[in-house]
Amino acid sequence: MAALGQFQHIFAINLPLRTDHRDQFSLAAHFTGLRVEYVDGVTEVDERGLPPGGEEIKSKGVRGSWRAHMNVLRMIVEQNITTALVFEDDTDWDIRIKSQMQDFARASRLLTQTRRGTTDQFLDPTFPRPTENSHEFQEFDITTDSTTTPTTSPFGDLDRWDLLWLGHCGNKFPPANNKKTPLGRAVIYDDETVPEKQRIDPQFGDKQLVQQYPEHTRVVARAHETTCTLAYAITLPAARRFLYELAMVKMTAATDIMFRDICDGLADRPIQACFSVQPELFQMHRPVGRISKQTDIGDAGGAYFDTAYTANIRWSTRVNFPKLVYGDTSYTDPFPDRGTKVG
């Protein structure tokens, strides 16, 4: 396998005119060992190519983003790609992404694989579906709990998951009264790549992570009310289903909201097995300059960033370009622990 040794392929969506985004993404991928194939972003969509309901979505940016993601899903189907990791081109990640993904894989297996020595018993009693007596979530520690070893994917066998929502701008834990979604949580304690709780920005999520868990904790669970398609991994069967649902059945909202509907089983969409992580592993980067220059989808307002910034990412690859380019390993951490001086 290519790409972090865990996915068959990596795609990054990039508008050809945004050479700045491609320059930055390519440099970040180079320094962290990712091999990427670029897919052209889309600026114009003929209404005749929209699914039912699409004519109600007037934003050219929303339409273009939708079509670009559909093009990636179609490529996965056309090329029979077993698993793919898909990025938007303004996404950033920690220099230590490979070890982070290894921990994520250990966590996701606890939620998808059977107990060691069994073929039909899971650690999470609410997997694959909660029962009428399921009212509380259970937690599993990646350092103590174990399951059977998957044979088709490090994240759990491919018939157990559809989408891994790894980069987002807000996610919640499934509530106990949700009878559609498993409630289990796999916990990564003492993760030095996670900022202190006071420095974590939940964005469009909630504060359960910072209110319920100790410092430097990352939690993997089923995706719920997730926002932004910054980075996601998807299987071939799921790519077929997402392409069918979003490009043929109906178009009701922006791409990330429709992804959410599929993962949460809303808007008459069949629910899929989507897993996410808090805090996220991939996040939108804000370089120095006016925020309105960074987005190609909608109006981002007139805010100006004096310093390059990526929420929730400690050793941001992009923030550390000046260090990486010149071989300096004293990496800058915008979120140092209390009492630690900023690099």
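This predicted model holds 1 cavity of 30 Å³ or more. About 120 Å³ of space lies in the largest cavity. Its lining counts 17 residues, and I200, D201, P202, D206 and Q278 lie nearest the centre. By class, that lining splits into 6 nonpolar, 7 polar and 4 charged residues.

Next come the pockets. The second largest pocket has a volume of about 150 Å³. Its lining draws on several stretches of the sequence: F127, P128 and R129; D159, R160, W161 and D162; R222; and I271, Q272 and A273. Here the classes are 5 nonpolar, 1 polar and 5 charged.

Now the salt bridges. A search of the whole structure finds 18 of them. Take R48 and D46: their closest N and O atoms are 2.8 Å apart. R48 is exposed, because its relative accessible area of 77% is over 50%. D46 has 42% relative accessibility, so it counts as partly exposed.

E47 forms a salt bridge with R63, with 3.0 Å between the closest N and O atoms. E47 sits in the loop between β2 (37-40) and α2 (60-78), while R63 belongs to helix α2, so the pair ties together parts 16 residues apart in sequence. The two ends differ in cover. E47 is partly exposed at 44% relative accessible area. R63 is at 9%, under the 20% limit, and therefore counts as buried.

Salt bridges that share partners join D94, R96 and E192 into one network. Within it, R96 is buried, with 15% relative accessibility. E192 is exposed, with a relative accessible area of 57%.

At 1% relative accessibility, Q113 counts as buried.

Finally, the surface. L27, V325 and Y326 make a nonpolar patch of about 330 Å². L27 comes from helix α1, which spans residues 19-32. With 30% relative accessibility, L27 counts as partly exposed.

Definitions and conventions:
Residues are numbered from 1 along each chain as its sequence is written. This is a predicted model: local features need pLDDT of at least 70, side-chain atom pairs count only at pLDDT 80 or more; totals for chains, interfaces and linings use all residues. Side-chain values use heavy atoms; hydrogens and water are left out. On a 1 Å grid over the protein atoms alone, a cavity is a set of points where a 1.4 Å probe fits but cannot get out, and a pocket is an open set with protein on both sides within 12 Å along at least five of seven lines; lining residues have an atom within 4 Å of a point. Grid points are joined across faces, edges and corners, and a volume is the space filled by probe spheres set on the points. Ala, Val, Leu, Ile, Met, Phe, Trp, Tyr, Cys and Pro count as nonpolar, Asp, Glu, Lys and Arg as charged, and the others, Gly among them, as polar. Patches are made of residues with over 30% relative accessible area and no salt bridge: like charges are joined within 9 Å, nonpolar side chains (Val, Leu, Ile, Met, Phe, Trp, Tyr) within 5 Å. Accessible areas come from the Shrake-Rupley method with a 1.4 Å probe; for residues, only the protein chains shown count as cover. A salt bridge is a side-chain nitrogen of Lys or Arg within 4 Å of a carboxyl oxygen of Asp or Glu. Helices (H or I, at least four residues) and strands (E, at least two) are DSSP runs, numbered from the N terminus. Buried means under 20% relative accessible area, exposed over 50%, partly exposed in between (1.4 Å probe, protein chains only).
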